[in-house]
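I list what I looked up, entry by entry.

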Amino acid sequence: MRVALLAYPGVAALDVTGPAEVFAAAARLTGGGYELVLLGTKPGPIPTVSSMALHPAGVISEDLGRMDTLLIAGSPGIPPVIKDAEVLEWTRREAPRCRRHGAICTGAFVLGAAGLLDGKRATTHWRFTRALAHTHPRVTVEHDSLFVRDGSTYTSAGVSSGIDLALALVEEDFGRKLALSVARELVVFLKRPGGQSQFSHQLAAQFSDLPAIQGLQQWVIDHPREDHSVERLARRVHMSPRNFARVFRRETGETPAGFVEAVRVEAARRLLESTELPIQTVADRVGFGNTNGLRRAFLRQHGTGPAEYRHSVKGAASSASQKSRGRKPGR
């Protein structure tokens, strides 16, 4: 099966190399199940945002033959190629000819600009889901998914989720056994628990333009157990509660209460993964006070309860450890 990855100047290198490693490992394990082709928009090396250069096997102006799968890589921002008429016309023409097509990270904006996401569900990097929904109102954007399949169209969240998507495609093509073997080779989860919101709030404090709000967000992250009522948070930044709530939402895109809940759920998630503390103790340490509050918030954020989440994570780790111990030396 021929898998084509489309890249362009300023692309995120991991958006290309992550899925490429998955398909390359699958090809090795199957004795040639995939043929990987890197495509460029223009002749010559493709500079990435990390200063590495990618060398494409072909460019979109050439006759590339039949492609089974086409994936469009993303960039750290909204890709500039969404304004390139040649790229959009090529995407609009070639993607539907493939058995399936998709995008990694903000590559979804290329599919959107080509009109290939209209009427479909899709996702992208958590920083840009609102922008995707605003720019393409006919697209149903899933803000927390690591990847989304709608018919023959696939989209994934930020950067490393391209690996999750590629593993799902391998499983779709060759079954779970091979996909799991590839995941072991790359030392990654076959299916990561939770969605991309588990990463977003820990990083969100880096993106506010107001130092006061940025500092407050970091303080909340560092002290999840404290009283984080709007009144107390407002006092910390010397604002009235009403003005603080308005400014916070403008700067972060969510309410103070929503941010606090997400931070506490993330803190709880880390404790569930790394300790054997009772659920009640976890709830106390992160500021929920009782297990019911933690469970309701966890369900909202991750679609599963804290006990179920811990079971799934510990079970996956235990299974991987047992299988690793069972391997013969030298393999």
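The model is a predicted one.

Entry 1, positive phi. Most residues other than glycine have a negative phi. I found that His238 has a positive phi, near 60°, and is not a glycine. I placed His238 in the loop that runs between α9 (230–236) and α10 (241–252). Is His238 buried or exposed? Its relative accessible area is 74%, so I put His238 down as exposed. I noted Ser51 as well, a residue other than glycine with a positive phi of about 75°. Ser51 sits in the loop between β3 (46–47) and β4 (53–54). With 73% relative accessibility, Ser51 is therefore exposed.

I counted 14 helices and eleven strands in the protein. The protein has 331 residues, and 47% of them count as buried. I then took the contacts with a separation of 6 or more; 64% of these join residues 24 or more positions apart.

Two packed helices are described by the angle between their axes and the distance between the axes. For helix α1 (residues 13–30) and helix α5 (residues 161–174) I noted axes that come within 7 Å and a crossing at roughly 30°. Angles under 35 degrees count as roughly parallel, and α1 and α5 are therefore roughly parallel to each other. The crossing of α1 past α5 is right-handed. Which residues of α1 and α5 meet? On the α1 side I listed Gly18, Pro19, Val22, Phe23, Ala26 and Thr30; on the α5 side, Gly162, Ile163, Ala166, Leu167, Leu169, Val170 and Phe174. By class, the contact of α1 with α5 holds ten nonpolar, three polar and no charged residues.

I followed α5 to helix α6 (residues 176–186), where the axes are 7 Å apart and the packing angle is about 145°. α5 passes α6 in a right-handed crossing too. From α5 the contact takes Leu167, Val170, Glu171 and Phe174, and from α6 it takes Arg176, Leu178, Ala179, Val182 and Ala183. I sorted the contact of α5 with α6 into seven nonpolar, no polar and two charged residues.

I checked the length of helix α11 (residues 256–274). At 1.5 Å a residue its 19 residues should span 27 Å, and the end C-alpha atoms are 27 Å apart, which agrees. Of the 19 residues of α11, 14 are buried, so the helix is largely enclosed by the rest of the structure.

I found Leu39 in strand β2 (residues 35–40). Leu39 has 1% relative accessibility, so I count Leu39 as buried. What does Leu39 touch, not counting residues up to four places away in sequence? My list is Ala4, Leu5, Leu6, Ala7, Ile46, Pro56, Gly58, Leu64, Met67 and Trp90. I also noted Glu62, which is 23 residues from Leu39 in sequence and 10.0 Å from Leu39, C-alpha to C-alpha. I then turned to His136, in the loop between α4 (129–135) and β9 (140–141). The relative accessible area of His136 is 12%, so His136 is buried. Leaving aside neighbours within four places in sequence, His136 is in contact with Phe109, Gly112 and Ala113.

How values were computed
Residues are numbered from 1 along each chain as its sequence is written. This is a predicted model: local features need pLDDT of at least 70, side-chain atom pairs count only at pLDDT 80 or more; totals for chains, interfaces and linings use all residues. Side-chain values use heavy atoms; hydrogens and water are left out. Axes are lines fitted to C-alpha atoms, for helices over the stretch in contact, and angles run from 0 to 180 degrees between N-to-C directions. Helices (H or I, at least four residues) and strands (E, at least two) are DSSP runs, numbered from the N terminus. Angles under 35 degrees count as roughly parallel, over 145 as roughly antiparallel, 65 to 115 as roughly perpendicular and the rest as oblique. A crossing is left-handed if the near helix is turned anticlockwise from the far one by less than a right angle, and right-handed if clockwise. Contact means heavy atoms within 4.5 Å. Ala, Val, Leu, Ile, Met, Phe, Trp, Tyr, Cys and Pro count as nonpolar, Asp, Glu, Lys and Arg as charged, and the others, Gly among them, as polar. Buried means under 20% relative accessible area, exposed over 50%, partly exposed in between (1.4 Å probe, protein chains only). The expected span of a helix is 1.5 Å times one less than its number of residues.
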